[in-house]
Amino acid sequence: MQQNHHQNLVGFIWNIANKLRGPYRPPQYRRVMLPMIVLRRFDLVLAENQKKVLAEKERLEARGITGPALEKALSRIATDGRKQELFNTSGFTFEKLLADPPNIAGNVIAYIQGFSPRARDIFDKFDFEAEIAKLDEANRLYLILKEFCSSEIDLSPKTISNLQMGYLFEELVRKFNEQANEEAGDHFTPREVIRLMVQLLFTDEEGIFAPGIYRSIYDPTAGTGGMLSEAEKYICGDGNHEGLNPDAHIELFGQEYNPESYAICCSDLLIKDEPIDNLIYGDTLGVKDAKNKNNGFVPHDGHPEKKFHYMLSNPPFGVEWKPEEDFVREEYDDQGFSGRFGAGLPRINDGSLLFLQHMISKMHNPPKLVDGINEGGDGSKIAVVFNGSPLFTGDAGSGESNIRRWIIENDLLDAIVALPDQMFYNTGIYTYVWIVSNRKPEHRRCKVQLIDGTRHYKKMDKSLGNKRNELAEEHIRELVRLYAEHQHDATSVVPVHSKGSSRPTATETRTVSKIFDNHEFGYLKITVERPLRLNFQASPQRIARLDEQRAFANLATSKKRKDPAAYQAEIEAGKQTQAAIKDLLEELDGDTLYRNRDEFEAVLNRELNKALKKADLKVGAPVKKAILAALSERDPEADICRDKKGNPEPDPELRDTENVVLPADISLPLPLKYDNETGHDKLLALVKDHCETYLAAEVLPHVPDAWIDHSKTKVGYEIPLNRHFYVYEPPRPLEEIASEISQLEKEIVAMLAEVV
């Protein structure tokens with residue numbers, strides 16, 4: 001299809017949509033226009049053989065043939081050479097619908113009900129019958145149908161091939177979604193971001209060029225199918241552009257839980273005469289005890305045993321996975337690494353890393369070359385776009401950190417490309433494309449490439465929601481080049497935007513690519529302890545603090561609530577014990593300050609035991625501990641408090657943690673398992689000396705009495721991408737700032753003078 005014809009059709013359909021103004025707001029146009037485009041295309045595809053279909057239906061039903069056998073027979077007659085099932089047995093066409101204006105709404109519904117099951121399901125997911133009623137009530141249904149029958153818009157297969165029609169439909173989907181970005185942005189990825197992801201995905205993939213090669217592509221959050229379609233187009237071409245390998249056999253798979261998005265994706269595939277059975281309507285992560293069972297909803301992974309060669313996804317940013325929690329946790333607890341989420345679970349308010357683990361579970365086994373022969377599998381490669389949270393959220397030992405650790409230590413993370421902000425329709429935050437692979441080329445193994453693409457963009461002439469920036473083709477080429485060349489400290493010439501300027505005012509050369517060894521993202525979180533030092537004194541002020549101690553206060557309580565007399569008696573006895581203890585402490589020398597706990601404890605125990613024995617009272621260890629706590633204060637000059645073995649006791653208030661980089665010579669994966677307990681002794685054997693060296697160099701010069709509690713050492717992984725590309729910018733000279741302030745003051749005075 002020529003480009004100008006394509007754009008003319010887009011423009012004409014857009015003009016039809018404007019006739020909906022009134023009953024619909026512009027962001028709602030897609031609810032009518034997208035299913036109507038699909039309906040008109042199907043109408044024209046089936047027009048030529050409609051009479052044959054009706055005659056064959058009558059003949060076969062007379063012979064008792066119904067169900068799937070009837071459907072397959074009718075599909076073979078409905079269209080010439082079509083592979084996917086599509087027919088209509090209603091007897092209606094657009095022209096016949098227009099011929100009966102008074103009954104048009106009911107006839108349109110009957111027309112839709114006459115389609116083959118999968119086509120009918122598409123309109124059900126669009127919930128198009130509700131729109132038909134609304135259109136009819138607003139006197140727009142006849143008008144819109146008539147416009148689609150205009151001679152100026154020909155969507156017939158004689159004019160537009162299935163493939164070309166598919167890309168026309170995608171263009172319209174993009175435009176309608178952009179217009180409705182406040183509603184659709186959560187499941188719509190800008191097309192230039194998809195192109196970048198696809199090109200990164202197929203860079204260094206020599207196998208894709210083999211004649212007749214079969215490859216599967218999967219998107220677990222398929223949305224409207226943009227990523228699947230763009231990947232297929234990049235490999236096979238689209239009629240206007242030649243693909244990498246037009247002879248390749250590409251099979252698309254996906255799953256989507258939003259019914260409208262699912263309907264759009266199915267429509268695109270069916271229009272292009274491609275299989276839609278591989279697209280599942282359902283929740284990829286899984287929902288336990290799901291109630292949606294009558295509309296084809298699949299409450300779990302729709303491709304449970306399937307592996308894929310390539311995978312792309314844009315999981316929802318920062319969306320909680322509370323609806324899937326029971327299903328996911330059960331799989332995690334019961335199956336571990338035999339399931340999808342063995343490495344760990346992220347926080348409940350962001351499920352992005354669950355989708356990445358899901359995709360990794362779908363990878364083919366990696367290649368294993370023996371004497372030049374691959375005795376392993378094909379391997380797989382993933383491109384997924386995240387916000388910044390999966391890079392660094394989560395402390396050492398947390399679910400997020402463990403997931404990052406599992407991915408990096410198993411050498412699956414290939415590269416991360418930081419995108420500019422304000423790229424998406426419903427958020428202005430920075431986003432990041434992760435490339436994950438289990439078939440890295442030799443020069444990329446055990447390494448991760450970070451690419452700073454935050455300055456590779458141009459400002460849009462007109463913003464769309466939060467989207468104000470976009471990637472031009474030259475930006476995509478540059479980012480793909482940086483990825484392909486895989487050079488440390490590689491540079492790019494990037495634009496410089498002055499404050500307040502929408503256009504670049506200069507350029508500069510910046511380092512935008514860095515290569516790191518896998519272990520450089522790992523760290524050890526060590527717990528640094530310092531000794532507890534206390535002084536003791538039986539002063540009135542400290543004795544008064546006894547009432548704040550729970551064990552002491554509990555002396556005057558009772559659990560005998562069913563017996564009021566016993567209850568009150570027990571409380572009174574407790575108060576007497578409290579008073580006796582305070583009397584004893586007041587008899588001690590309140591002026592003497594003890595800086596040794598053992599010395600004070602010996603005096604206290606001797607006097608306390610005498611008094612308690614005399615009063616015929618008994619107190620337990622918790623009360624004695626409460627007395628010591630009330631009479632003590634921290635004192636850096638006091639002696640160190642020690643346990644029964646003579647070891648220093650740590651002071652919780654002085655406890656600190658330090659993050660220590662992993663030793664450069666350490667082997668991955670680490671022996672510590674993901675429960676953070678199994679293999680801990682083996683981990684310490686590898687890192688204990690390294691941590692002690694860090695302590696001696698970085699801590700002891702400042703606090704000589706510190707030590708490491710190695711039993712609390714944890715492993716963490718984070719990817720501080722921004723920190724690696726940070727460039728210090730000195731503040732402007734004070735004279736320049738003062739000059740600006742002075743100028744602003746003059747302008748303010750001038751404006752005030754005008755007001756007065």
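Predicted model: local features only at pLDDT ≥ 70, side-chain atom pairs only at ≥ 80, totals over all residues.
Figure 1. The ring centres of tyrosine 281 and phenylalanine 297 are 5.4 Å apart and the planes stand at 85°, so the pair is classed as edge-to-face. Tyrosine 281 belongs to strand E3 (residues 279-281), whereas phenylalanine 297 is in the loop between E3 and strand E4 (310-313), so the contact ties together parts that lie 16 residues apart in sequence.

Figure 2. Across the whole structure, the search finds 20 aromatic pairs. The pair shown here is that of phenylalanine 202 and tyrosine 234, which is stacked, with 6.1 Å from centre to centre and 25° between the planes. Phenylalanine 202 is in helix H12 (residues 191-202) and tyrosine 234 is in helix H13, so parts that are 32 residues apart in sequence are tied together by the pair. Phenylalanine 202 is buried, its relative accessible area being 5%. Tyrosine 234 has a relative accessible area of 28% and is partly exposed.

**Figure 3. The largest cavity and its lining.** Four cavities of 30 Å³ or more are found when the whole structure is searched. The largest cavity has a volume of about 90 Å³. Its lining consists of Asp43, Leu46, Ala47, Gln50, Val53, Ala78, Phe87, Asn88, Phe92, Thr93 and Tyr111. At least two of the lining residues come from each of helix H2 (30-46) and helix H3 (50-62). Sorted by class, the lining of the largest cavity holds seven nonpolar, three polar and one charged residues.

**Figure 4. An aromatic cluster that includes Tyr111.** Phe42, Phe94, Tyr111, Phe115, Phe123 and Phe128 make up one aromatic cluster. Tyr111 is also one of the residues that line the largest cavity.

**Figure 5. The second largest cavity and its lining.** The second largest cavity holds about 60 Å³ of space. The residues lining the second largest cavity are Glu170, Val173, Arg174, Phe188, Arg191, Thr224, Gly225, Gly226, Ser229, Ile264 and Asp268. Helix H10 (162-179), helix H13 (226-236) and helix H14 (259-271) are the elements that give two or more residues to this lining. H10 gives the most, with three residues. By class, three nonpolar, four polar and four charged residues line the second largest cavity.

**Figure 6. Arginine side chains over tyrosine rings.** At one site, the charged end of arginine 405 sits over the ring of tyrosine 674, at 4.5 Å from the ring's centre. At another, arginine 444 lies over the face of tyrosine 483, 4.1 Å from the ring centre.

**Figure 7. The hairpin of strands E11 and E12.** Strand E11 (residues 458-464) pairs with strand E12 (residues 467-470) in the antiparallel sense, over three bridges. Lysine 459 has asparagine 469, in E12, as its bridge partner. Two residues lie between the strands of the hairpin, where glycine 465 takes a positive phi near 65°.

Conventions: Residues numbered from 1 in each chain as written. Heavy atoms only, no water. 1 Å grid on protein atoms, 1.4 Å probe; cavity = no way out; pocket = protein on both sides within 12 Å on 5 of 7 lines; lining within 4 Å. Points joined across faces, edges and corners; volume = space filled by probe spheres on them. Helix = DSSP H or I, 4+ residues; strand = E, 2+ residues; numbered from the N terminus. Nonpolar A, V, L, I, M, F, W, Y, C, P; charged D, E, K, R; others polar. Phe/Tyr/Trp six-rings, centres within 6.5 Å; stacked < 30°, edge-to-face > 60°. Buried < 20%, exposed > 50% of the residue type's maximum accessible area, 1.4 Å probe, protein only. Lys NZ or Arg CZ within 6 Å of the ring centre and 35° of its normal. Pairing = 2+ DSSP bridges.
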